[in-house]
Amino acid sequence: MDFFLTLIQVLDSTIRLATPLLLACLAGLYSERAGIFDIGLEGKMLMSAFFSAAVAAVTGSVWLGLLAGIAASLVLSALHGFASITFRGNQLISGVAINFLASGMTVLVAQSWFKQGGRTPSLFGEGRFESAEFPYAIGPEDAELTGRPVSELMSDTNALHMAYSELLSGHSILVYVAFLMVPLTWWILFRTRFGLRLRAVGENPAAVDTAGVSVVGLRYAAVAICGVLCGIAGAYLATALQAGFVKEMTAGRGFIALAALIFAKWRPWHAMWACLLFGLLQAVALRFQNIDLGGVVIPVQVMDALPYILTVVILAGFVGKAIPPRAGGEPYVKER
Amino acid sequence: MEKMPKWADVVLIPVISLLLATILSALVILAIGEDPIEAVNLMVTGALGSTYGWGYTLYYATNFIFTGLAVAVAFHARLFNIGGEGQAMLGGLGVAIVCLSVPWPHWTIALLAACAASMIFGAAWAAIPAYLQAKRGSHIVITTIMFNFIAAAFLNYMLVNVMRPQGSQDPATARFPEAVHLPTFQSMFSSAENIVFRGAPANISFFVAILACFVVWALIWRTRLGYEIRAYGHSETGAVYAGISPVRITIIAMLISGALAGLMAINNVMGEAERLVLNATEGAGFIGIAVALMGRSHPFGVFLAALLFGFLYQGGAELALWTSIPRELIVVIQALVILFTGALDNMVRMPLEKLFMALRKGSA
């Protein structure tokens, strides 16, 4: 039973860690499907993480925090759109600038507002997203009632109940939002007119333009959706996964999300599996450090590097070919 | 017909972009409740007001010259090398291995060996993304980003599990032996009665960096290879028509770029820390992007931009010391410089082009 409990706990933390990756990955999916490369996912998440935590700390309301996070992320999205759509600048350079802007501004503003060395005050109570308890699931409430720790209650029950309590129940609402975004994204992209146009604008913007649909408008819409999702991802990091903002708290998650996006070859369902895989790697690295496989020790750094190595292998085309949207990275110039 | 005179492209646009970045930075300082003029004063006295300050400014500038040149060479072939950070880390590994494994009799020979090792290691780290771009079409921006993270994990492993001296808790290599310590500006320029650059880390690598500027200039504008790189960067189809192999140019340009980024390690690892520590590069690889953009990918421009960023780095450290403005201010300034000189280039360029066209019409 002990082994099973460990397994369930690792999978539980996989879901928690995969959530920000998934949100950011879907964010990138919208943007890149519309032909706007976005390596600024990291920066947008970071900016949102700070503003959501800051507003939640000041007002005591996590929902206001979430809104502030989304708004902050949208401002950076607008900047990216401004540079890469309106002024037809280099999208990659704009992304790099956004990452640095977020990394510097968050600490600068945090220091100016809270004077705690670039962090926000710790969040508690209404300032954080509570975890949702499903009916009949074992959670902290049961532990309080019986006066025994959750892990003890868990080992007393059967496997199915354990999986239900740990994996399905007990997450913050943003986790469910993230996973519901997967079918929704699939439906929007492949079953609606907007989705068809969005994909077309990433493959052949001239054709969309000829059909009388605004390329600029569609691309701005995609970049805005990307901003909203990155905003939710950042708010999740600071107000659900952790209790407050700390300097550089995204820790490369935006780039892992980018890796997952390539790994998934720009498809929503595959994106979910890729994010779960990379979340699992993080969860395992967090729990076990060095893994001993019968004499051969896998150092923890291999786990850290594995998402990036896998992405390079995929990019190299050794496991199927990752073909990005055809017009990705190209500013659209209307013919006159 | 040229839309603008050359001087406007080379001088006017960078200066306007820089001005915009400066104005915004000043607004940021105002917004967090500090006085921008006071801040500039502190930065100037801290970074340029003493030989000590200059010693730090030039030390940082040395790092940025190397990484800036690295990005610039890749830019000439229209390749965006974001991997300078990882390549510089690997360069550091090369330097550490060379300095620790051979009992060098004198620093001059050790410096030559360290230069070679850092360049080989940096180039090797750039080689895989270069090969994948050239042969398999994998986007070099993504692969070099991934290689930065892989380099960080690899270096972490090497320092924690392999190169850490026994009994030490610190994830770092042993100190390099006395014989390979590079002469600092203090030992080079001080006389018995007048000690200058006291305790500052600027060292002989600065002159290696200046040499590298000349070599890169000669390479890009005075050799056949440089011509091919520029031709390829201007128009791939044109280059192919002229018999230039895209695969060859992509790989060679990236190898040179990686070697230059790796070469930075002789300054920060061999010259300053005198051992290899975690995060030795401190983001210098990324600043190379800002430096190359601002320097318009020309070695002289890179040199000037690196000096400016060296000043910002040292000035920013002084600000953090004397005021409540954290060091991250320079990250914001760096972001604004990249934004205005890189991504928003057209915002400055388009109105200027219109202006020059109107002026030309007026005079004709």
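This is a predicted model: local features need pLDDT of at least 70, side-chain atom pairs count only at pLDDT 80 or more; totals for chains, interfaces and linings use all residues.
Which residue just after α4(A) takes a positive phi? That residue is Lys115(A), with a phi of about 50 degrees. Chain A has 14 helices and two strands, whereas chain B has 16 helices and zero strands.

**Overall form of chain A**

- Chain A has a radius of gyration of 21 Å, close to the 20 Å that the globule rule gives for 336 residues, so chain A is as compact as a globular protein of that length.
- Along the principal axes, the C-alpha atoms of chain A fill a box of roughly 75 × 50 × 40 Å.
- Of the 336 residues in chain A, 52% count as buried.
- When contacts in chain A between residues at least 6 apart in sequence are considered, 77% of them join residues at least 24 apart.

**Overall form of chain B**

- For the 364 residues of chain B, a compact globule would have a radius of gyration near 21 Å, and the value of 21 Å for chain B agrees with this.
- The box filled by the C-alpha atoms of chain B, taken along the principal axes, is roughly 75 × 55 × 35 Å.
- Buried residues form 52% of the 364 residues in chain B.
- Of the contacts in chain B with a separation of 6 or more, 76% are between residues 24 or more positions apart.

**The contact between the chains**

- The contact draws 37 residues from chain B and 38 residues from chain A.
- On the side of chain B that touches chain A, at least two residues each come from α5 (107-136), α6 (140-162), α15 (329-343) and α16 (345-363) of chain B.
- The helix that gives the most to this side of chain B is α6(B), with twelve residues.
- By residue type, the side of chain B that touches chain A comprises 25 nonpolar, nine polar and three charged residues.

**Helix α4 of chain A**

- Helix α4 of chain A covers residues 91-114, which makes 24 residues.
- From its first C-alpha to its last, α4(A) reaches 34 Å, close to the 34 Å expected at 1.5 Å a residue.
- In α4(A), 21 of the 24 residues are buried, so this helix is largely enclosed by the rest of the structure.

**Helix α16 of chain B**

- Helix α16(B), one of the helices that supply residues to the side touching chain A, has 19 residues.
- The distance from the first C-alpha of α16(B) to the last is 27 Å, close to the 27 Å expected at 1.5 Å a residue.
- Asp345(B), Val348(B) and Arg349(B) are the buried residues of α16(B).
- Seen down the axis of α16(B), these buried residues fall within an arc of 90 degrees, so they line one face of the helix.
- The buried residues of α16(B) pack against α1 (6-31) and α15 of chain B.
- Exposed residues lie on the other side of α16(B), namely Pro351(B), Lys354(B), Leu355(B), Ala358(B), Lys361(B) and Gly362(B).

**A buried loop residue: Ile138(A)**

- Ile138(A) is located in the loop between α4 and α5 (140-146) of chain A.
- There are 22 other C-beta atoms within 10 Å of Ile138(A), and since the cut-off for a buried residue is 20 or more, Ile138(A) is buried.
- Leaving aside residues up to four places away in sequence, Ile138(A) touches Val150(A), Leu153(A), Met154(A), Thr157(A) and Ser165(A).
- Met162(A) is 24 residues from Ile138(A) in sequence, and the two lie 7.8 Å apart in space, C-alpha to C-alpha.

**Loop residues with positive phi**

- Ala251(A) is not a glycine, yet its phi is positive, at about 45 degrees.
- Ala251(A) is placed in the loop between α11 (215-241) and α12 (253-263) of chain A.
- With 13 other C-beta atoms within 10 Å, Ala251(A) is partly exposed.
- Glu282(B), a residue other than glycine, has a positive phi near 50 degrees.
- The loop that holds Glu282(B) runs between α12 (265-273) and α13 (284-294) of chain B.
- Glu282(B) counts as partly exposed, with 14 C-beta neighbours inside 10 Å.

Note on methods: Residues are numbered from 1 along each chain as its sequence is written. Chains are lettered from A and ligands numbered from 1 in the order in which they are written. Two residues are in contact if their C-beta atoms, placed from the backbone, lie within 7 Å. Helices (H or I, at least four residues) and strands (E, at least two) are DSSP runs, numbered from the N terminus. Ala, Val, Leu, Ile, Met, Phe, Trp, Tyr, Cys and Pro count as nonpolar, Asp, Glu, Lys and Arg as charged, and the others, Gly among them, as polar. The expected span of a helix is 1.5 Å times one less than its number of residues. A residue is buried if 20 or more other C-beta atoms lie within 10 Å of its own, exposed if 12 or fewer, and partly exposed in between; C-beta atoms are placed from the backbone. The radius of gyration is taken over C-alpha atoms; the globule rule is 2.2 Å times the number of residues to the power 0.38. The arc is that of the directions from the helix axis to the C-beta atoms.
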